[in-house]
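Okay, thanks for coming, everyone. I'd like to walk you through one model today, a bit at a time. Let's get it up on the screen.

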Amino acid sequence: MEAVKAHPSDSVEVKAERREKKLLMGNEAIAYGALESGVVFATGYPGTPSTEVIETIARLKPEVFAEWAPNEKVALEEAAGVAYTGLRALVTMKCVGLNVAADPLMSLAYSGVEGGLVILVADDPGPHTSQTEQDDRYYGKLSLLPVLEPADPQEAHDLIIYAYELSEKYKVPVIFRTTTRVNHTTADVEVGEFVELDRKPVFKKDIERYVRASMEGNRKRHRWLNETLAKIEEEFNGMPFNWVEGNGEAKIGIIVEGAPYNYVREVLPKLNADFKILKLSTPHPLPKKLVLDFLKSVDYAIVVEDGAPFLEEEVKIVAYEAGLRVPIYGKRTGHLPLEGELTPSLVRNALLRLLGEEGETYEKPEEVKYAESLAPKRPPVMCPGCPHRGSYRAALDALRDLKLGRYSVPIHGDIGCYALSLLPPLEAIWTEYVMGASISLANGQSVVMGKKIIATIGDSTFFHNGIQPLIDAVYKNLNVLVMILDNRTTAMTGHQPHPGTGGSETGRKFNEIDIEALVKALGVKYVKTVDPYDLKQTREAIKEAMQVEGPAVIIAKRECVIPVIRRGEIGEIPLVLEDKCTGCKACILLTGCPALVYDSETNKVRIDNLLCTGCGVCNQTCPFDAIKFPSELRRGA
């Protein structure tokens, strides 16, 4: 195909002079771009697939204040405070995190910023590690803010540098939407020197701009925002990250955004047809003139995008308003699926169907299905020695001792590793909703069901959004038991610190928030800290708490086993006494620990020494006292 315009990543002007090429993950490339833009403040809440951005900034330049916030709302508000002073800031979060930050986002759009502010939101088509396939491009339309989206790690690096220039030129925050395939793809990326801008923070009093209580001021700021968005759209019509390529005479158009651009480029050489491509990095505001000029040059077009049919809908609106009757295909017309992540095969089938050759549906080809079937099935499971296993085992045993059936008392879960307790053999939690919702759900059910309801929540999740519903439980004297599973880290996303750890991503020492003291200060009368490795202690505490009228809190405190393993501090490995083991499998059925293995030849259980961490939960579940620690045997226990 004859190129009309080439990829601009080798020619676009960036702030720092390029000096070398590095093999980088997309998130690392974004971190480099942010540091080359002079960012002095980076924050967010850890969530796959966005987490590595903050971690990379902290590693590359510790003097930058790159620290995690308790939640995304706090992170955005803190970064806005920095951007108000004229300095540059970055906020990162995963897709659902923008729901938490949506409140300040709307007002921040009206006030605008002085220093550049980029809000990186990592969407997760699939979804791979998220509750939903939420498409955050819609937040751009809702907030009237510009949205940028890169197609690969190099463009992610270059585009975020442009994002800071755009933010400061128009004094608005910029939403930087990525997807998992860009965040976690690794590629060669050309990077430059880190920049330190010669600026001093200054914040000027401006009531009309920063105080939302003024109705007249709000109307003026709304008008300003609409006018600003129109100027940004005009710039997007000629910005270097939007371009047309392919055969200039082709009459079949492809409008593509983000990572699927790579899929289009991969499959086109295998098709017997000429296409013209409009590659966009600006889903909002859509560059209408650029889109219309492209549509006028083709007989029909297909929109290829990950997530919802956002771009397809916007393109159709533009065409309709201009009176252009060009057929436009995509997700809405069934050429591409509305659910799941795009693949080269899906894109190929859609283009074939567009040509009327084959590919009548968007099912994956048989060879892809076969390749997927070769991968062994490995269901997720709690790690050997995970303290959450003991917490849930003790909770289920306590309900049994109280003669409360396991299906009569709801146990609400939350977002974190402990959600794996939904699987056999524990099958403990009934719900896993959004951050902090375990307590709120328990609050509501305690009112209408007239009995004590259990909520389980991790320590990082508790700081994120669990304190407020616990306050409500205390305020209204609701009959709930909140089990805070304190494993001393944010384990699910890679062991990031939080306010209860006292540490930081850059090694700075902060104040450690004592969860027990905090809960007592909120007014909870029954508060007890237990070791979840001690099943009896934990079980008895839960039984007591279940009989307390009003809110009760149990803190199951034991460090996540993974950092313990990394430090080489695992406990003594127990032994199975073969003369006592009856092969009843109680230890396996009650804990589900992967380190416990049933040997069908001997009809005995054995312990895998490579997996066992010596937590001791299994020997507390054996009805025949067949599992012992070597030290116990030496003492004659």
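Find Pro285 in the loop between strand E11 (276-280) and helix H11 (288-296). Helices and strands here are DSSP runs numbered from the N terminus, with at least four residues (H or I) for a helix and at least two (E) for a strand. The peptide bond leading from His284 into Pro285 is cis, with omega near -5 degrees. There's another cis bond from Thr48 to Pro49, where omega is near 15 degrees. Pro49 sits in the loop between strand E2 (41-44) and helix H2 (52-60).

Some ground rules. Residues count from 1 along each chain as its sequence is written, and side-chain values use heavy atoms, with hydrogens and water left out. This is a predicted model, so local features need pLDDT of at least 70 and side-chain atom pairs count only at pLDDT 80 or more, while totals for chains, interfaces and linings use all residues.

How confident is the predictor? pLDDT is its confidence in each residue, on a scale from 0 to 100. The protein averages 92, and 93% of the residues score at least 70. Two stretches stay under 50: residues 1-15 and residues 359-372. The model has 38 contacts beyond four places in sequence for residues 1-15, and 16 of that kind for residues 359-372. A contact means heavy atoms within 4.5 Å.

Which residues is Asp124 in contact with, leaving aside neighbours within four places in sequence? They're Pro49, Cys95, Thr129, Ser130, Thr132, Glu133 and Thr180. Asp124 itself lies in the loop between strand E5 (117-123) and helix H5 (137-143). At 1% relative accessibility, Asp124 counts as buried; the cut-offs are under 20% relative accessible area for buried, over 50% for exposed, and partly exposed in between, using a 1.4 Å probe and protein chains only.

Asp124 and Glu341 are 217 residues apart in sequence, yet 8.3 Å apart in space, C-alpha to C-alpha.

Now, charges. A salt bridge here is a side-chain nitrogen of Lys or Arg within 4 Å of a carboxyl oxygen of Asp or Glu, and by that rule the count comes to 43. Take Glu67 and Arg508, whose closest N and O atoms are 2.5 Å apart. Glu67 is in strand E3 (residues 65-68) and Arg508 in the loop between strand E16 (480-486) and H18, so this pair ties together parts that are 441 residues apart in sequence. Glu67 is buried at 4% relative accessibility, whereas Arg508 is partly exposed at 24%.

Next up, Glu314 and Lys141, with closest N and O atoms 2.6 Å apart. Glu314 lies in helix H12 (residues 310-321) and Lys141 in helix H5, so parts 173 residues apart in sequence are tied together. Glu314 is buried, with a relative accessible area of 12%, and Lys141 is partly exposed, with 38%. There's also a network of salt bridges linking Asp123, Asp135, Arg137, Glu149, Arg177, Glu257 and Glu305.

Leu144 has a positive phi of about 65 degrees although it isn't a glycine. Leu144 is found in the loop between H5 and strand E6 (147-148), and it's buried, with a relative accessible area of 18%. Lys171 also has a positive phi, near 60 degrees, in the loop between helix H6 (153-170) and strand E7 (174-179). Lys171 is partly exposed at 32%.

Last stop, helix H18 (residues 515-522). At its start, a side-chain oxygen of Asp514 reaches to within 2.9 Å of the backbone nitrogen of Glu516. What follows H18? That would be Gly523, with a positive phi near 110 degrees.

Note on methods: Polar contact = N/O pair within 3.5 Å; in protein donor to acceptor, adjacent residues only side chain to side chain. pLDDT = per-residue confidence, 0-100.
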